[in-house]
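Subject: Handover of a structure

Dear colleague,

Please find the structure below, together with its sequence.

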Amino acid sequence: MKLSLTKWPKGADAASIFMIDDLANIYFEAPGGDWGAKGLQEDGLYQFLKEEILKKYPYVRFTFFLVTGRREVQVQGVYDHVDSCEKSDFARYLRWLENCGHEIAYHGLTHGEVAVKKFVQEWDTYISQEAADSKVRTGVALYNAALDHQPMGGKYCGYAEGKFGHRSVLNNGFRWWFDRWDDDVAVRPSGEWVDGILYMPSNIDCSQYPICMLGRVPILKYLKSIVANFRSGSVFEKIDKLVSSRGIVALQEHTSPLRTDGKRQYPNVVDDINSISAILSYLSKYNIWYATASDVYLYSLFRKNAVVEEDIKNNQLFVLVDEDVANLLCKRNISVSLKVNTKNYIAPCGNVSEVYESGGCYYQDVTAKLLNRPLNLISDT
Ligand SMILES: [Zn+2]
């Protein structure tokens, strides 16, 4: 009997994380101007996501990257409303998003500073390790005040790590992080572990316009995107490559198109909605595990640490994993999957699913609660 842990739950071809950057307690009064502060109002960001994405793709889980303090302006201009994240209405909204199954990740205290008419990204402004660590601590404290727990991961602002990025991530107890843009999806399709941190890949820019988009977006934007596509390979080819290596398809977006300097934020969910729809529709031909970044991290951690021991003589299987890892998985209610080689597989324990088939292979799901003790599985062969 040959059993193995599947790369992703339920034998999925790949995992997908939908990243929305720059969630903040900010709005502009103009249409599409909500960065998050409007909460569940009719003209708010979430209403848009619900109508335009979740209605058709209800399984999508967003990972929002939150700027926790009062966000700096984009060189000039003003927001119609800006505040830090722990203010009661906004904090309530953040907790509501979490309860809906989305994730709030960390994305800086101010996102950066304006220095002589130039915007400097937050991690590039740090002049020492101490300064970096203490700024991140301040930002995380605001997160904690709003959500009553620590963020598990986050992302550098503008993917700029600065000189002290990695240590600041490590010193502040983060477990996963998005550190850079991955132009070549073949380099680290499932991310990489550095000092116990899972650095995840950022690889799919949702602002892409294949031929089916012609006429649906401004022609200049369309042409620019086609040039970018030629340079880095079509988005669908990238997705195919990621799926064939059972990697992480990380979709990149921002909240509102509106900024204080009058320019359009690139990319953003409002301008890219048709492109997003085309990408999600393309992904639906595969068996994708739609998950938050923390879920992907926890499953990756589990696979990295779990030891599968087979006792062929007694027909027993042991999935052994560190108790801390098992507890983390339990909290998020993630089940893990085993690949089994027969559909005539009988598990004596009620906490495992029926054996099911997917793509010619047989799988069985096991709830995380079982992981800190041996699991007995009996086969009839
Ligand atoms: Zn950002």
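The buried residues of helix α1 are covered by several elements, among them β2, β4 (62-66), α2 and α8. Helix α1 spans residues 45-54, and its buried residues are Leu45, Tyr46, Gln47, Leu49, Ile53 and Leu54. An α-helix has 3.6 residues a turn, so residues three or four places apart point the same way. Please bear in mind throughout that this is a predicted model.

As to the chain as a whole, the protein has ten helices and 22 strands. Of its 381 residues, 53% are buried. Among contacts between residues at least 6 apart in sequence, 69% join residues at least 24 apart.

Helix packing

Helix α2 (residues 88-99) pairs with helix α4 (residues 129-147): their axes come within 8 Å and cross at roughly 75°. An angle from 65 to 115 degrees counts as roughly perpendicular, and α2 is therefore roughly perpendicular to α4. On the α2 side the contact is made by Ala91, Leu94, Arg95 and Glu98, which meet Tyr143, Ala146 and Leu147 of α4. By class, five residues of this contact are nonpolar, none is polar and two are charged.

Helix α8 (residues 273-283) pairs with helix α7 (residues 235-244), with axes that come within 11 Å and cross at roughly 35°. The crossing of α7 and α8 is right-handed. Here Val235, Phe236, Ile239 and Asp240 of α7 meet Ala278, Ile279, Tyr282 and Leu283 of α8. The contact of α7 with α8 comprises seven nonpolar residues, no polar ones and one charged residue.

Backbone geometry

Most residues other than glycine have a negative phi, and most peptide bonds are trans.

- Tyr266 and Pro267 are joined by a cis peptide bond, with omega near -15°. Pro267 is in the loop between β14 (248-254) and α8.
- Lys117 is not a glycine, yet has a positive phi of about 60°. Lys117 belongs to the loop between β7 and β8 (118-121) and is exposed, with a relative accessible area of 77%.
- Tyr159, likewise a residue other than glycine, has a positive phi near 55°. Tyr159 is located in the loop between β9 (153-155) and α5 (165-171).

Two buried loop alanines

The loop between β9 and α5 also contains Ala160. Is Ala160 buried or exposed? Its relative accessibility is 14%, and because buried means under 20%, Ala160 counts as buried. Leaving aside residues up to four places away in sequence, Ala160 touches Gln121, Trp123 and Asp124. Ala160 and Trp123 are 37 residues apart in sequence, with their C-alpha atoms 6.4 Å apart in space.

The other case is Ala12, in the loop between β1 (4-5) and β2. Ala12 has a relative accessibility of 2% and so counts as buried. With residues up to four places away in sequence again left out, Ala12 touches Arg246, Asn287, Ile288 and Trp289. Ala12 and Tyr286 lie 8.2 Å apart from C-alpha to C-alpha, although 274 residues separate them in sequence.

Yours sincerely

Key: Residues are numbered from 1 along each chain as its sequence is written. This is a predicted model: local features need pLDDT of at least 70, side-chain atom pairs count only at pLDDT 80 or more; totals for chains, interfaces and linings use all residues. Side-chain values use heavy atoms; hydrogens and water are left out. Axes are lines fitted to C-alpha atoms, for helices over the stretch in contact, and angles run from 0 to 180 degrees between N-to-C directions. Helices (H or I, at least four residues) and strands (E, at least two) are DSSP runs, numbered from the N terminus. A crossing is left-handed if the near helix is turned anticlockwise from the far one by less than a right angle, and right-handed if clockwise. Contact means heavy atoms within 4.5 Å. Ala, Val, Leu, Ile, Met, Phe, Trp, Tyr, Cys and Pro count as nonpolar, Asp, Glu, Lys and Arg as charged, and the others, Gly among them, as polar. Angles under 35 degrees count as roughly parallel, over 145 as roughly antiparallel, 65 to 115 as roughly perpendicular and the rest as oblique. Buried means under 20% relative accessible area, exposed over 50%, partly exposed in between (1.4 Å probe, protein chains only).
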